[in-house]
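Hello,

Here is the structure I promised to pass along. Please have it open while you read the notes below.

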Amino acid sequence: MSCEGSLQIALDSIRQDETAILQDLSQMLAVDTCFPPGTGYPAFASLMESLLEPVGFVCERVSVPENLWQTPDGSAQGERVNVIATLPGSAAEACNLYFHVDTVPAGDGWNYPPLTLTQADGKLIGRGAADMKGTIVAALAAIRAAQRHGLALKFNPVLLLCTDEEGGLYPGVRYLAEQKLFSGHMLSFNGGAVPRIWGGCFGSIDLKICITGRSAHSGDPVGGINAIEESLPLMNALHTLKRDVEQRASAMPAPPHFEGRPLTSRLTLAAAQGGGKGSTLPARFELLVNRRYSPEEAFETVFKELTDCIGQAMKGSAALAVEYHLIGHLAPVSDPTGPHWPRWLAALSQGFGFHANDFAVWGSSTSSDMGWVQQAGIQEILLGGLARPENRIHASDEYTTMQDVVALSQSILAYLASDFTPTENSPTQGFSNSAERV
């Protein structure tokens with residue numbers, strides 16, 4: 001990659017910005033934006049405004065109407081505040097930098113306070129450090145470096161700070177895209193610190209099933225209906241369906257760690273809740289089913305297969321009611337490549353030190369809210385981020401490293417800067433052939 005003197009100085013200066021990076025990350029982790037329930041979005045929006053406006057961004061709050069995101073079980077609560085932050089400038093083309101601001105709940109098993117930044121053993125630990133508040137920190141550091149050294153930008157960065165990616169029924173970026181509140185190509189930071197050309201990802205359905213029985217004393221259960229026991233045929237049927245579903249292979253290229261095995265559809269019995277006392281028959285049982293579906297599968301077909309399974313399994317049951325509710329849905333992403341990818345791959349090589357032949361095309365059976373962006377008309381979506389297999393995303397003691405935050409920041413700055421020029425040795429060569437295989 002070719003970097004002019006002022007750009008190289010700006011890239012190097014990011015390593016000297018550790019104090020501000022740590023302060024930004026500490027403040028972001030301290031705001032609890034876990035979903036469910038998602039009550040922390042307004043407070044996080046206020047924090048981001050306080051960080052962005054002093055460096056010249058103009059911030060706009062956009063709230064998703066409640067009738068779109070509310071679910072019958074009430075698991076989502078609070079205003080769905082998204083922030084669109086624009087940096088006015090003379091660059092002709094906008095680049096939308098996407099971040100989801102929600103995290104999964106902290107959960108159990110932490111050795112450190114999950115909402116406090118802890119530095120230990122070279123790690124920056126806290127819920128959201130890698131997924132994905134650390135990526136917001138990296139973008140801010142890149143903008144500060146550009147401003148310190150007066151760099152001209154090829155792209156105007158538009159920061160999209162969005163709600164409800166972690167399984168929500170109506171993610172914030174879906175609303176922004178459908179309302180045409182941004183335009184231009186997308187750079188999503190819901191990816192990893194790896195030399196990857198994104199091949200797309202699967203869709204995800206969260207379906208909550210509720211079986212209603214009638215409580216009674218377990219020692220004298222006359223008239224009682226045990227909701228858990230009535231659900232057993234359903235769980236057996238779903239487990240049988242699981243074996244069938246997971247034989248369905250996708251043509252999407254699989255990740256390297258699959259070692260040649262194909263990506264397949266997935267069905268998971270993800271959560272179960274009912275009862276609470278040995279002397280009482282449970283009157284209610286709730287089962288959460290997650291279904292990952294490939295771009296080759298249609299949502300309507302997948303949803304009907306699930307609901308048909310429920311209906312057939314519970315036919316003739318003594319349960320007083322069997323209800324199901326869609327409480328989360330992410331659409332699949334299909335072939336997000338496009339003309340800006342070669343520059344982004346070169347920028348990733350600048351920051352992380354990747355070589356041209358390191359890059360490979362692969363997708364995943366995990367999910368992203370970028371599918372809704374594609375359905376709204378934006379096909380090309382670049383991908384980067386801080387995720388690594390070892391940094392415990394969605395688990396206790398989640399972490400990233402200062403090295404990765406700096407590398408991602410340098411990649412972002414290189415991509416945005418006018419003076420950055422991919423060379424013949426950068427990973428633009430052969431990119432079109434790779435993209436055609438997706």
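**Notes on the model**

Let me start with a loop: Arg392 sits between β15 (381–387) and β16 (399–400). Helices here are DSSP runs of H or I with at least four residues and strands are E runs of at least two, numbered from the N terminus. The phi of Arg392 is near 60 degrees, a positive value in a residue other than glycine. Arg392 is partly exposed, with a relative accessible area of 38%; buried means under 20%, exposed over 50%, and partly exposed in between, using a 1.4 Å probe and protein chains only.

A word on the source: this is a predicted model, in which local features need pLDDT of at least 70 and side-chain atom pairs count only at pLDDT 80 or more, while totals for chains, interfaces and linings use all residues. Residues are numbered from 1 along each chain as its sequence is written, and side-chain values use heavy atoms, with hydrogens and water left out.

Asp164 also has a positive phi, of about 60 degrees, although it is not a glycine. Its loop runs between β6 (155–162) and α6 (172–178). Is Asp164 buried or exposed? Asp164 counts as buried because its relative accessibility is 1%.

There are cis peptide bonds to look at too. One joins Phe35 and Pro36, with omega about -5 degrees, and Pro36 lies in the loop between α2 (18–30) and α3 (41–52). Another joins Asp131 and Met132, again with omega about -5 degrees; Met132 belongs to the loop between β5 (123–125) and α5 (133–148).

Ser409 is part of helix α12 (residues 402–416). With 0% relative accessibility, Ser409 counts as buried. Leaving aside residues up to four places away in sequence, Ser409 touches Ile14, Ala138, Ala141 and Ala142, where a contact means heavy atoms within 4.5 Å.

Now the whole chain. The protein chain has 13 helices and 16 strands. Its radius of gyration, taken over C-alpha atoms, is 23 Å, close to the 22 Å from the globule rule for 438 residues, so the chain is as compact as a globular protein of that length; the rule is 2.2 Å times the number of residues to the power 0.38. Buried residues make up 55% of the 438 residues.

Finally, an unreviewed UniProt entry lists residues 202–314 as "domain: Peptidase M20 dimerisation"; such annotations may be inferred rather than shown by experiment. In the model, that span is 29% helix and 26% strand, and its end C-alpha atoms lie 29 Å apart.

Best wishes
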